[in-house]
Amino acid sequence: MKRFRGFVIKEFYHIFRDYRTLLILFGMPAIQLMLFGYVLTNEIKDAKIAIYDPSNDVITRKITDKILSSGYFILERNLSTVDEIDPVFRQGEVKLALIYEPGFAQKLEKTGRARIQIIGDASDPNTANMLVNYATGIISNFLVSMNSEKVPYQITPEVRMMYNGELKGVYMFVPGLMAMLLMLISALMTSLSITKEKEMGTMELLLVSPMRPWQIIVGKVFPYVFLAFIDACIILALGNMFFGMPIIGSISLLLLESFLYICMALSLGILISSITNSQQVAMMISLVALMLPTILLSGFIFPVENMPVIMQVLCHFMPPKYYITIIKSIMLQGNGIEYVWRETLILMGFTAFFLGLSIKKFNIRLTS
Amino acid sequence: MSDITVHVEHLTKKYGETLALDDISFDVGKGELFGFIGPDGAGKTTLFRLLTTLLLADTGTGSVAGFDLVKDYKNIRNISGYMPGKFSLYQDLTVEENLKFFATIFGTTIHENYDLIKNIYQQIEPFKNRKAGKLSGGMKQKLALSCAMIHKPEVLFLDEPTTGVDAVSRLEFWEMLKRLKDAGITILVSTPYMDEASLCDRVALMQNGRIMTISTPGQVIRNYPLSLLSVKSSDIYHLLGELRDYPGVHSVYAFGQSAHVAFSAQKIEPEALSEFLKKKKHESVEITRIDATIEDCFMELMNSPE
């Protein structure tokens with residue numbers, strides 16, 4: 001036990017004397033959170049639009065008012081001819097153009113039919129799509145309110161978005177960020193610190209000592225369990241304070257699940273370090289083989305349901321996916337273990353599998 | 001059995017196609033200071049890694065302090081101290097922290113075995129708060145030796161401890177080894193420096209994975225079959241070539257500023273050689289009869305077919 005303590009103390013010396021490690025450990029969660037929170041937002045707010053309204057009557061003005069008061073759009077320009085649309089788009093500010101047909105109100109009155117053209121700037125297809133949807137939605141709402149007395153039959157869908165009423169991005173990226181950062185810190189840092197011993201030749205000395213290999217490994221990994229756990233708390237706290245990320249369910253269950261996920265990532269890190277001998281290779285494997293799938297295949301950014309079948313199958317082998325499911329369920333829906341036991345078991349399975357494999361791979365001798 | 005600490009029979013180790021160790025057998029007695037002398041690539045490091053159980057031999061058996069190299073590797077790791085050829089301490093830890101760490105993982109304390117390392121450690125103790133990475137070469141070696149010694153090992157394996165260390169520190173280092181030997185510790189040390197051979201009780205001369213001879217340094221020299229002249233001249237470059245052509249000469253090697261000329265029997269008279277060289281326009285020719293050094297013996301062994 002004393003040996004183990006001495007070993008862990010040494011490991012903390014390493015960590016606290018290397019400012020780069022410290023920066024990655026504690027700077028990264030904060031920076032990433034801010035980045036995702038403030039910069040990479042895909043919510044629509046104050047998109048600039050241009051309007052061409054040759055008829056300029058009661059109804060077109062009403063519609064324009066509705067659209068501008070929705071909070072999604074602000075009026076950048078009133079166009080005087082249709083030809084101005086292209087140059088306005090090219091300037092890049094305006095994302096959407098509304099064109100009313102001449103004599104809009106009259107036509108609506110007489111024929112019951114009037115046309116609005118919505119033109120989106122599809123050089124950014126996602127945004128264009130979303131803006132068009134918002135605008136269409138506002139217009140059809142307006143139509144319904146206008147017709148409410150005349151039309152005998154009406155089906156009105158009442159949409160309510162449960163668990164994330166305002167469709168906030170934070171609800172998605174805080175869990176994703178936790179999955180990503182904990183994976184990075186745990187797997188990358190441990191695999192680096194173990195391969196560093198190999199590179200420096202100190203692994204030779206440790207192996208020749210009476211320390212058992214598992215003691216060496218546990219000793220190396222232990223500080224990172226602790227640090228990754230602190231990181232998880234930092235992300236949760238920041239997400240809650242700055243972005244209003246709710247934690248409806250039990251915090252202790254959330255932390256326990258995070259702890260399990262950290263252990264899983266650490267065992268993955270151990271596995272990486274047991275099959276590589278240099279820090280560089282370990283870093284490459286951790287970044288390419290872990291980070292990208294974590295970001296792309298975990299459902300963090302791209303919904304798993306939209307992927308081709310092969311990718312969906314692949315997604316089932318991505319541990320972060322289960323972790324994200326678990327913590328979303330706990331944080332947003334307030335679910336208890338009875339709802340996430342299956343994912344928890346899968347994470348445990350992953351941990352056991354990686355640990356078993358790395359124990360099998362770990363050498364009591366030098367492999368060279 | 002009891003007076004033999006390291007026993008090795010027919011060890012062979014291959015890296016792929018390369019034969020790193022070829023049928024190595026030797027015994028090292030208890031309390032002996034045993035040297036492995038040979039150039040880089042002779043197989044010294046591989047041999048040490050086999051003996052410290054870091055690698056497995058392809059064939060052959062061996063034991064350290066009666067423990068089998070394969071079966072009892074845990075026991076061997078408990079009783080041996082190892083200093084790898086590359087400086088392998090934690091550069092970002094201070095001198096004292098390194099020592100403390102190695103004491104802890106061997107289940108002891110600096111205090112407990114301080115007497116053993118006192119002589120060595122005292123020299124670097126003034127720098128105990130300095131990071132190990134910032135020490136000079138000589139000080140690093142002293143620290144590494146202290147760390148290898150801190151758990152009072154029965155056997156010390158020192159792989160090229162004096163490589164890259166200045167001459168004064170090398171001498172000091174060997175004096176330290178002598179003291180450790182006097183304390184009853186068996187020491188196996190490897191070195192590429194031939195002049196260090198005479199400081200060992202016995203040496204094994206190694207080349208290309210084979211041991212060419214095992215003997216006391218004195219005996220190695222007495223076994224030298226040739227006579228030697230040291231020849232100096234102002235033009236050492238041409239001297240070497242011309243000496244090789246001289247009748248009766250067996251071999252010529254450059255030794256710093258002079259050439260060592262080896263010849264069998266007593267055929268060569270220094271005076272005649274001197275005349276010969278003067279005719280070849282060599283100035284300030286100096287010829288002296290010398291005794292062979294380990295290096296001369298090594299060169300001879302290297303070139304003579306089995």
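**A quick tour**

Analyst: Chain B has an accessible surface of about 13,800 Å², and 50% of that belongs to carbon and sulfur atoms. Such areas come from the Shrake-Rupley method with a 1.4 Å probe; for residues, only the protein chains shown count as cover. This is a predicted model: local features need pLDDT of at least 70, side-chain atom pairs count only at pLDDT 80 or more, and totals for chains, interfaces and linings use all residues. Residues are numbered from 1 along each chain as its sequence is written.

User: How much of chain B is buried?

Analyst: 54% of its 306 residues. Buried means under 20% relative accessible area, with a 1.4 Å probe and protein chains only.

User: And which helices and strands does it have, in numbers?

Analyst: Chain B has 10 helices and 14 strands. These are DSSP runs, numbered from the N terminus: helices are H or I with at least four residues, strands E with at least two.

User: Take B:Ser63. Buried or exposed?

Analyst: B:Ser63 is buried, at 12% relative accessible area. It lies in strand β4 (residues 59–64) of chain B.

User: What is B:Ser63 in contact with?

Analyst: Beyond neighbours within four places in sequence, B:Ser63 touches B:Thr5, B:Val6, B:His7, B:Asp68 and B:Leu69. Contact means heavy atoms within 4.5 Å.

User: Switching to chain A. How do α10(A) and α13(A) pack?

Analyst: Helix α10 (residues 251–275) and helix α13 (residues 319–333) of chain A pack at about 170 degrees, axes 10 Å apart. Axes are lines fitted to C-alpha atoms over the stretch in contact, and angles run from 0 to 180 degrees between N-to-C directions. The two are therefore roughly antiparallel, a label for angles over 145 degrees.

User: Which residues meet there?

Analyst: Among them, A:Leu253 and A:Tyr261 in α10(A), and A:Tyr323 and A:Ile330 in α13(A).

How values were computed:
Chains are lettered from A and ligands numbered from 1 in the order in which they are written. Side-chain values use heavy atoms; hydrogens and water are left out. Buried means under 20% relative accessible area, exposed over 50%, partly exposed in between (1.4 Å probe, protein chains only). Angles under 35 degrees count as roughly parallel, over 145 as roughly antiparallel, 65 to 115 as roughly perpendicular and the rest as oblique.
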